[in-house]
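Dear colleague,

Please find the structure we spoke about below, followed by my notes on what came out of it.

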Amino acid sequence: MQKIPIFYDRCQLVTDVIVDELVNTKVEGHEKRCSDHLVPAIYRIGNADPDNFPELLNKIMLKTRDSRPKIRYRALIVLELLIKEIGDGVQPHLSILLPFLNELIEDENKQVEAQCQKVINSLQHKFGETFWSGSSA
């Protein structure tokens, strides 16, 4: 399938804007907005431009390095919901996810740590216990 240049360019343009919404906490109901609106938008962008999906996923995961626990937590919620949407299609992208999850598994914030464990558990359920064993190097 051939990419339509104008469509591809539009996906590139909105990627940063959409992902940056993770840190826009000024709007009331930020967490609900992330799960109800941000996840579907990210999924559609990733689906429309699959070649750009690893970069999109990496940008989301970079938000887990934010100094604010609220942002790290929300990024993990978005990740968890994306994993549910993507299903087995997330497997090629585990190499992007695992280093970030490794950092967050012992986060100073207990809510972030618990959400990270929830994401890891969902991945273990999907891919088996062994996928995580080699990641802590």
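Is Asp66 buried or exposed? Asp66 counts as buried, because its relative accessibility is 17% (buried means under 20% relative accessible area, exposed over 50%, and partly exposed in between, with a 1.4 Å probe and protein chains only).

Before going further, please note that this is a predicted model, in which local features need pLDDT of at least 70 and side-chain atom pairs count only at pLDDT 80 or more, while totals for chains, interfaces and linings use all residues. Residues are numbered from 1 along each chain as its sequence is written, and side-chain values use heavy atoms, with hydrogens and water left out.

Salt bridges

The structure holds 11 salt bridges, a salt bridge being a side-chain nitrogen of Lys or Arg within 4 Å of a carboxyl oxygen of Asp or Glu. One of them pairs Asp66 with Arg68, whose closest N and O atoms are 3.0 Å apart; Arg68, at a relative accessible area of 38%, is partly exposed.

Another salt bridge joins the side chains of Lys63 and Asp20, at 2.9 Å from N to O. Lys63 lies in the loop between α3 (53–62) and α4 (69–86), whereas Asp20 belongs to helix α1 (residues 5–20), so this pair ties together parts that are 43 residues apart in sequence (helices, H or I of at least four residues, and strands, E of at least two, are DSSP runs numbered from the N terminus). Lys63 is buried at 17% relative accessibility, while Asp20, at 37%, is partly exposed.

Arg72 and Asp107 also form a salt bridge, with the closest N and O atoms 3.0 Å apart. This pair links distant parts of the chain, since Arg72 sits in helix α4 and Asp107 in the loop between α5 (94–104) and α6 (110–127), 35 residues apart. Both partners are buried, Arg72 at 5% relative accessibility and Asp107 at 10%.

The buried residues of α3 are Phe53, Leu56, Leu57, Ile60 and Met61. Seen down the axis of α3, they fall within an arc of 135°, so they line one face of the helix; the arc is that of the directions from the helix axis to the C-beta atoms.

His93, in the loop between α4 and α5, is buried with a relative accessible area of 13%. Leaving aside residues up to four places away in sequence, His93 touches Phe53, Pro54 and Leu57, where contact means heavy atoms within 4.5 Å.
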